[in-house]
Amino acid sequence: IRGNIAELSTRNVESERKEYTCSSDIQNIEADITSDNIEVRTGDVDHVTLTYYNRPDYSEYEITESGDTLRIKYKDLNGPIHFVVNVGYVPDEPVTIIVPESFAGKLELKSTSGGILTESMSVSSLDLNCTSGQISVQDIVSEGKINLASTSGSIHIEDSEGSGISASDTSGGISIDDTSVRGDITLNCNSGSINMSTVTAEGDIKVSTTSGTRNLTDVTAENVTTNATTGSFKDS
């Protein structure tokens with residue numbers, strides 16, 4: 001084919017930065033996003049604010065408010081078949097959610113091929129699920145349990161508190177540093193390692209791996225149980 005292929009592209013455009021500000025006090029945030037990273041943190045805002053990137057000719061996200069709940073969902077834009085050449089610039093920017101300092105609600109976030117970062121905030125509960133991205137929880141205080149699940153990405157928790165932690169990972173790894181819970185910690189990993197350093201649980205700690213190592217340093221709990229099919233174990 002001779003000529004300028006870019007002229008044939010239906011997506012030969014630059015994405016636009018867009019912002020959405022909630023009109024009410026949000027206490028529950030639910031996000032189901034396909035390919036972008038998600039970042040949630042506290043900022044100097046009065047209401048929950050969402051920043052994301054979209055092409056100017058259509059919207060990839062459906063954003064709705066219902067009572068005190070904000071829902072963000074990626075839309076499957078299956079339309080007529082076109083010849084598509086992605087020669088435009090699409091910035092590698094995350095979907096960013098900024099919550100006010102008064103926020104203490106529930107976070108339920110899912111991403112297929114992107115990662116999830118939550119940092120510097122208080123929540124009533126935290127549920128994060130990734131298929132191939134990394135999950136990072138930093139400086140989070142949760143009134144309820146912290147539930148994390150990833151298929152091929154790693155899970156990291158640091159400087160956080162909660163009533164308990166449940167984390168499962170298939171082919172990545174799990175690490176927890178400088179964290180305390182009022183209940184139990186249950187960690188399951190298939191082919192990755194589990195590392196814990198300066199961790200306190202008022203309940204039990206259960207660590208299970210298939211082929212990864214288990215490293216526990218300065219860990220305190222009522223009971224600590226570890227098991228693995230193959231792999232080494234080290235505690236200090």
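Thr198 sits in strand E18 (residues 194-201), where strands (E, at least two residues) and helices (H or I, at least four) are DSSP runs numbered from the N terminus. The phi angle of Thr198 is near 55°, a positive value in a residue other than glycine. Most residues other than glycine have a negative phi. Thr198 is partly exposed, with a relative accessible area of 33%; buried means under 20% relative accessible area, exposed over 50%, and partly exposed in between (1.4 Å probe, protein chains only).

Before going on, please keep in mind that this is a predicted model, in which local features need pLDDT of at least 70 and side-chain atom pairs count only at pLDDT 80 or more, while totals for chains, interfaces and linings use all residues. Residues are numbered from 1 along each chain as its sequence is written, and side-chain values use heavy atoms, with hydrogens and water left out.

Asp139 also deserves a look. Its phi is near 55°, again a positive value in a residue other than glycine. Asp139 belongs to strand E11 (residues 135-142) and counts as partly exposed, at 41% relative accessibility.

Now to the aromatic rings. Rings of Phe, Tyr and Trp (its six-membered ring) pair if their centres lie within 6.5 Å; planes under 30 degrees apart count as stacked, over 60 as edge-to-face and the rest as tilted.

| Pair | Geometry | Centre to centre | Angle between planes |
|---|---|---|---|
| Tyr52 and Tyr61 | edge-to-face | 5.7 Å | 80° |
| Tyr61 and Tyr74 | edge-to-face | 5.9 Å | 75° |

Tyr52, Tyr61 and Tyr74 form one aromatic cluster. How does burial run through this cluster? Tyr52 is buried at 9% relative accessible area, and Tyr61 is buried at 5%, whereas Tyr74 counts as partly exposed at 25%.

Ser150 lies in strand E12 (residues 145-150) and counts as buried, at 5% relative accessibility. A polar contact is a pair of N or O atoms within 3.5 Å; within protein, one must be able to donate a hydrogen and the other to accept it, and residues adjacent in sequence count only if both atoms are side-chain atoms. The side chain of Ser150 reaches the backbone oxygen of Gly153 at 2.9 Å, and it makes a polar contact with the side chain of Asp169 at 3.4 Å. Leaving out residues up to four places away in sequence, Ser150 touches Cys130, Thr131, Gly133, Ile135, Ile155, Ser168, Asp169 and Thr170, contact meaning heavy atoms within 4.5 Å.

Thr49 is placed in strand E4 (residues 49-54). With 10% relative accessibility, Thr49 counts as buried. A polar atom of the Thr49 side chain lies 3.2 Å from the backbone oxygen of His47. Not counting residues up to four places away in sequence, Thr49 touches Glu19, Tyr20, Thr21, Thr96, Ile97 and Ile98.
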